[in-house]
Amino acid sequence: MNIMTYIIIISSLVPIIVFMLSYLLFLRSYNDRSKSSPFECGFDPKNKARLPFSLRFFMLAIIFIVFDIEIVLLMPIPLMLLNFNEMLTLMITLFFTVLLFIGLLHEWVEGTLAWKN
């Protein structure tokens with residue numbers, strides 16, 4: 001038999017063996033009341049499902065993530081200055097920084113960055 005036949009046999013047997021093992025492990029488990037009930041971080045799920053959530057805090061967290069990712073995009077600029085055309089790199093950096101600053105001004109004017117009213 002050649003190598004291709006061995007590969008086909010092994011690639012067919014491995015999923016069958018994994019399926020049989022998972023089925024045998026499934027048969028071993030048993031369900032009782034505590035395993036059937038949902039587990040939500042140690043809290044009783046039958047109580048109040050929705051808790052009040054601060055939308056301001058959520059918006060501030062999203063803005064932080066967006067600006068954090070943009071800062072990561074600015075990190076390779078020193079390497080770009082060494083390897084590429086300096087004028088083009090500086091213009092791209094200036095454009096990106098101005099875009100970030102306009103976004104920051106928009107969030108400031110909108111009032112998302114104000115923690116207190």
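In what order do the elements of the protein run from the N terminus on? The order is α-α-α-α-α. The protein has five helices and zero strands. Helices (H or I, at least four residues) and strands (E, at least two) are DSSP runs, numbered from the N terminus.

This is a predicted model, in which local features need pLDDT of at least 70, side-chain atom pairs count only at pLDDT 80 or more, and totals for chains, interfaces and linings use all residues. Residues are numbered from 1 along each chain as its sequence is written, and side-chain values use heavy atoms, with hydrogens and water left out.

The mean pLDDT (the predictor's confidence in each residue, from 0 to 100) of the protein is 80. A value of 70 or more is reached by 77% of its residues. Confidence is highest in helix α1 (residues 3-28), at a mean of 89. It is lowest in helix α2 (residues 33-36), at 64.

The accessible surface of the protein comes to about 11,100 Å² (Shrake-Rupley method, 1.4 Å probe; for residues, only the protein chains shown count as cover). Carbon and sulfur atoms account for 74% of this surface. Of the 117 residues, 7% count as buried. Buried means under 20% relative accessible area, exposed over 50%, and partly exposed in between (1.4 Å probe, protein chains only).

An unreviewed UniProt entry lists residues 6-27, 57-81 and 87-109 under "transmembrane region". UniProt positions follow the numbering used here, feature names are shortened, and annotations may be inferred rather than shown by experiment. Residues 6-27 are 100% helix and 0% strand, with end C-alpha atoms 32 Å apart. Residues 87-109 are also 100% helix and 0% strand. Their end C-alpha atoms are 33 Å apart.

Helix α5 spans residues 86-110 and contains threonine 93. Threonine 89 is also found in helix α5. Threonine 89 counts as buried because its relative accessible area is 2%. Beyond its neighbours within four places in sequence, threonine 89 is in contact (heavy atoms within 4.5 Å) with Ile77, Met80, Leu81 and Phe84. Its backbone oxygen lies 2.7 Å from a polar atom of the side chain of threonine 93. Threonine 93 has a relative accessibility of 17%, so it counts as buried.

Phenylalanine 96 is placed in helix α5 as well. This residue is partly exposed because its relative accessible area is 23%. Neighbours within four places aside, phenylalanine 96 is in contact with Glu70, Leu73 and Leu74. Phenylalanine 96 and leucine 73 are 23 residues apart in sequence. Their C-alpha atoms are 9.4 Å apart in space.

Notes: Polar contact = N/O pair within 3.5 Å; in protein donor to acceptor, adjacent residues only side chain to side chain.
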